[in-house]
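Visitor: I'm new to this one. Could you show me how to read a few of its features, step by step?

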Amino acid sequence: MIPYAGPSWKRKAVVGLVTLGLVSAPLPLPFFADAPLPIGAHARAAAEESVYRSLTLQQAIDRAIFIDRNKRILEYALKNLDLNKKDLEDARDDLDDARAELNNAINAQWSMILNYAEAARQGKATDPPIDVLDRQLQEMEKQRDNLDYQKDTLDETLDELKLQRKKLELQDAELREAITLAVTQLYTGLLSLNDNIRLLEDNLDQKKKDLAAVTAKENIGMASKEEIDKKEREVTDAERTLSNVRIQYHKLLGQFLYLLDIPFNPDIRLEPVSLPGAATVNMPGDVEALAAQTFKMQQAELDRRLAKQQYDFAKEQERKNNPEYYNRDKDRYTTKKKQAENEWLSKEEQWQNTRRDVLTAIENLYREAKDAEEAYLRARQKWAEASRDKDSLRTRYELGFVSKHDYDAYQLAVMKAQTEMDAAKYRYFVALAKLDALKRGYVDLSGASAGASVTAS
């Protein structure tokens, strides 16, 4: 297991893949925790070593979601929110009980006042005087008003908690999709890097064959020492390139497996991915409906609703002359309602900004997917043409019209075309995965706001 080396290495895996052109930036990685894995995680992973001789993309995604700390933090937040809701409901029940008792006391006080008033009318003395009872009644009614204000506040808070819970649920779903896409990009990047290693291995073999051929010619006086030196340099360069890419692959693989709490195994097999059935990428007809169901828009809508709800509450409390909203001594209203109104108007503006950014992001996603689709189709056509030419060349080789050396060299060109096709396939695969995530509600706005701002300016 790779030792923990702080948070800096977590982005290095992505930076390496971006540098090699295997994934696009920016790449959301919410599951990269800054702390090492819990005590016992390494022992547990060691017990699973025999299980992970190979790894599928879905296994990697499931494991990343399972061990993600941010997701567990959200789950705890949801639990605490539910506990807070229960406390508030209990407090509201207590207020209802207190108000019922106070109502009984007020009714009793009214009965006493009426009885004393009748006694006073008959000229009988009352103790305490009616004006004292009246002041006591006013105080009790004031206490009841305060209980009503508190109950209104509790009811409002409970309504807010319902919206907050929906937001947390949206954040939980959004995090799951973000993890899925991050793992998908890393996984396909490693697949592409591994394909490059195989291509570089074949390229090195061909360079060695070229060197052997030139050396044989030099032995019979048909090649110069300079030609041999050139071929030797080509072999050395090919060996160095292959070694560097292998080191990079194993480094990224180790970091990737560490993220999943899986023991490092340089020989672990990453199972290939397959493109879904043939389907052309087309922009949906109702983009507004697609945007509205995204997590970002739903959260912005909840924020807008919550702010409007708080503003309506402030207006109602001001109408009821709640002391927190109306200063009786100075006969003036506080700024609470205005603050709530400003907050609501601010959330309205933020909703508009989010809508613009989401629509921009959707347009970009479909354009990138279309570009990736066309690039993959071109690469596949190029590979198909190279494969047909290879079949023709093999026939000529079998008939003795083409040398083994030339035939092997062309096979390398075909493999290069296949590697380029596979790299295009991985980019197309990721683009389709982003569209699938979009249909489930996930959209990354990291680049949308900047683009929209440039356009606006």
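Visitor: Let me start with one side chain. Is Glu-75 buried, partly exposed or exposed?

Guide: Before we go on, keep in mind that this is a predicted model. The general idea is to look at relative accessible area: under 20% is buried, over 50% is exposed, and partly exposed is in between. Glu-75 comes out at 36%, so it counts as partly exposed.

Visitor: Which residue does Glu-75 form a salt bridge with?

Guide: With Lys-71, where the closest N and O atoms are 3.3 Å apart. Lys-71 has 7% relative accessibility, so it counts as buried.

Visitor: What about a bridge between separate helices? What do Glu-174 and Lys-296 form?

Guide: Their side chains meet in a salt bridge, 3.1 Å from N to O. Glu-174 sits in helix H5 and Lys-296 in helix H8, so this pair ties together parts that are 122 residues apart in sequence. Glu-174 is buried at 11% relative accessibility, while Lys-296 is partly exposed at 28%.

Visitor: And where do Asp-408 and Lys-209 lie?

Guide: Asp-408 is in helix H10 and Lys-209 in helix H5, 199 residues apart, so to speak from distant parts of the chain. Their salt bridge has its closest N and O atoms 3.3 Å apart. Asp-408 counts as buried at 10%, and Lys-209 as partly exposed at 40%.

Visitor: Which residues do salt bridges with shared partners join into one network?

Guide: Lys-71, Glu-75 and Asp-172. Over the whole structure, a search finds 36 salt bridges.

Visitor: Now the nonpolar side chains. What do they tend to do?

Guide: In soluble globular proteins, they tend to be buried together. Here the largest nonpolar core has 56 residues, and those with the most contacts inside it are Leu-55, Val-183, Tyr-187, Phe-256 and Leu-270. Helices H3, H4, H5, H6 and H10 each supply at least two of its residues. The largest share, 21 residues, comes from H5.

Visitor: Which residues does Phe-256 touch?

Guide: Leaving out residues up to four places away in sequence, Phe-256 touches Leu-55, Ala-60, Val-183, Leu-186, Tyr-187 and Leu-190. There is also a second, separate core of 25 residues, including Val-281, Val-358, Ala-372 and Ala-431.

Terms used. Residues are numbered from 1 along each chain as its sequence is written. This is a predicted model: local features need pLDDT of at least 70, side-chain atom pairs count only at pLDDT 80 or more; totals for chains, interfaces and linings use all residues. Side-chain values use heavy atoms; hydrogens and water are left out. A nonpolar core is a set of buried Ala, Val, Leu, Ile, Met, Phe, Trp, Tyr and Cys residues joined through side-chain atoms within 4.5 Å. Buried means under 20% relative accessible area, exposed over 50%, partly exposed in between (1.4 Å probe, protein chains only). Helices (H or I, at least four residues) and strands (E, at least two) are DSSP runs, numbered from the N terminus. Contact means heavy atoms within 4.5 Å. A salt bridge is a side-chain nitrogen of Lys or Arg within 4 Å of a carboxyl oxygen of Asp or Glu.
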